[in-house]
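Biologist: I am new to this structure and would like a guided look at it. Could we go through it together?

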Amino acid sequence: MTSPSSTQAPTTAAATTPTDTWQIGHTELGSRFLLGTAGYPSPEVLRAAIEASGSQVLTLGLKRTLGTTGQDNGFVQIIRNTARAQGAHLLPNTAGCRSAREAITLAHMARELLGTHWLKLEVVGDEQTLQPDPFELLEAARQLVKDGFEVLPYCTDDLVSAQRLVDAGCRILMPWAAPIGSGLGLLNPWALRTLRARLPDITLIVDAGLGAPSHAAAAMELGFDAVLLNSAVSQSRDPVRMARAFRDAVQGGRQGWRAGLMPTNDVAIATTPVGGQPFVLL
């Protein structure tokens with residue numbers, strides 16, 4: 001699948017059209033802001049935040065809501081009803097899984113329960129940083145792609161690991177900006193920029209570690225296709241207002257990238273010419 005961010009947007013009339021969509025599988029999406037659903041103070045606040053975000057994709061961690069019994073504790077139905085009311089799609093995730101086998105089992109439970117083959121694949125390898133285990137993640141991704149899932153793996157910003165996931169059949173990758181829930185923002189913009197340059201035909205979604213709307217804008221200005229976050233909204237003083245702020249930041253960063261950011265320089269360059277042409281002739 002070709003990512004809308006394959007190359008820098010051309011300076012043509014086509015680049016200024018309002019249509020700027022992307023895809024998960026064969027589903028076309030307008031919003032580039034994916035929102036998590038955990039940790040909100042109440043179902044009412046969650047519903048209002050989702051509406052304010054304009055998100056068309058909501059993530060749902062099934063391990064914590066289904067446990068080992070596979071029975072809905074009520075939260076899954078709340079999210080399903082909210083998604084239906086908002087016209088949003090559910091993206092179940094395997095958060096909390098520690099092995100490929102565990103993630104694969106939960107993925108099949110999610111598909112049966114929710115009727116979707118979309119999956120945010122998480123296999124954590126370190127308890128302190130919640131860093132993905134690249135070996136277990138790759139093993140699970142290979143099997144789930146064979147099983148017919150649209151696998152969106154949560155991974156680090158390591159290029160080689162990302163390439164192996166692409167080789168396994170993943171068409172969308174979700175590299176972190178920083179450890180989950182840290183709010184630190186883009187710790188390694190160079191690595192993210194490298195991923196964008198080296199994987200031009202892969203849809204890239206920055207996932208985890210964003211804490212402020214400016215972080216989301218910065219990710220989009222690098223040419224990423226979307227951002228996914230949870231804690232930055234759910235843990236804020238006003239989740240509804242923060243959801244709206246992130247929505248606007250994602251849109252602003254995307255439009256900034258499409259417009260083409262000016263080149264940076266190590267020295268000052270006068271913006272007003274002393275002589276010559278007052279305009280740049282194209």
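This is a predicted model: local features need pLDDT of at least 70, side-chain atom pairs count only at pLDDT 80 or more; totals for chains, interfaces and linings use all residues.

Biologist: How many helices and strands does the protein chain have?

Modeller: The secondary structure comprises 10 helices and 10 strands.

Biologist: And what share of the residues is buried?

Modeller: Of the 282 residues in the protein chain, 47% are buried. The accessible surface of the chain is about 13900 Å², and carbon and sulfur atoms account for 53% of that surface.

Biologist: What share of the contacts with a separation of 6 or more comes from residues 24 or more positions apart?

Modeller: Such pairs make up 67% of those contacts in the protein chain.

Biologist: Let us turn to single residues. Where is Glu 122 found?

Modeller: Glu 122 sits in the loop that runs between strand E6 (118-121) and helix H5 (134-146).

Biologist: Is Glu 122 buried or exposed?

Modeller: Glu 122 has a relative accessible area of 5%, so it counts as buried, the cut-off being under 20%.

Biologist: Which side chain does the side chain of Glu 122 join in a polar contact?

Modeller: The partner is the side chain of Lys 120, at 3.1 Å. Beyond residues up to four places away in sequence, Glu 122 also touches several others, including Asn 93, Cys 97, Tyr 154 and Ile 180.

Biologist: What about Glu 136, where does that one lie?

Modeller: Glu 136 belongs to helix H5. Its relative accessible area is 24%, and it is therefore partly exposed.

Biologist: Which backbone nitrogen lies 2.8 Å from a polar atom of the Glu 136 side chain?

Modeller: That is the backbone nitrogen of Ala 100. Apart from residues up to four places away in sequence, Glu 136 touches Arg 98, Ser 99, Ala 100 and Val 123. The C-alpha atoms of Glu 136 and Ala 103 are 9.2 Å apart, while the two residues are 33 residues apart in sequence.

Biologist: Moving on to helices: how do the axes of H8 and H10 cross?

Modeller: The axes of helix H8 (residues 213-221) and helix H10 (residues 239-259) cross at roughly 25 degrees and come within 7 Å. Angles under 35 degrees count as roughly parallel, so H8 is roughly parallel to H10. The crossing is right-handed.

Biologist: Which residues make that contact?

Modeller: On the H8 side, Pro 213, Ala 216, Ala 217, Met 220 and Glu 221 take part. H10 contributes residues including Phe 246, Val 250, Gly 253 and Trp 257.

Biologist: And which residues of helix H7 are buried?

Modeller: In H7 (residues 189-198), the buried residues are Ala 191, Leu 192, Thr 194, Leu 195 and Arg 196. They pack against helix H6 (159-167), strand E8 (172-175) and strand E9 (203-207).

Biologist: One last topic, the backbone. What is phi for Leu 130 and for Ala 208?

Modeller: Leu 130 has a phi near 55 degrees, and Ala 208 has one of about 85 degrees. Both values are positive, although neither residue is a glycine. Most residues other than glycine have a negative phi.

Biologist: Where are they, and is each buried or partly exposed?

Modeller: Leu 130 is in the loop between E6 and H5 and is partly exposed, with a relative accessible area of 26%. Ala 208 is in the loop between E9 and H8 and is buried, with a relative accessible area of 9%.

Conventions. Residues are numbered from 1 along each chain as its sequence is written. Side-chain values use heavy atoms; hydrogens and water are left out. Helices (H or I, at least four residues) and strands (E, at least two) are DSSP runs, numbered from the N terminus. Buried means under 20% relative accessible area, exposed over 50%, partly exposed in between (1.4 Å probe, protein chains only). Contact means heavy atoms within 4.5 Å. Accessible areas come from the Shrake-Rupley method with a 1.4 Å probe; for residues, only the protein chains shown count as cover. A polar contact is a pair of N or O atoms within 3.5 Å; within protein, one must be able to donate a hydrogen and the other to accept it, and residues adjacent in sequence count only if both atoms are side-chain atoms. Axes are lines fitted to C-alpha atoms, for helices over the stretch in contact, and angles run from 0 to 180 degrees between N-to-C directions. Angles under 35 degrees count as roughly parallel, over 145 as roughly antiparallel, 65 to 115 as roughly perpendicular and the rest as oblique. A crossing is left-handed if the near helix is turned anticlockwise from the far one by less than a right angle, and right-handed if clockwise.
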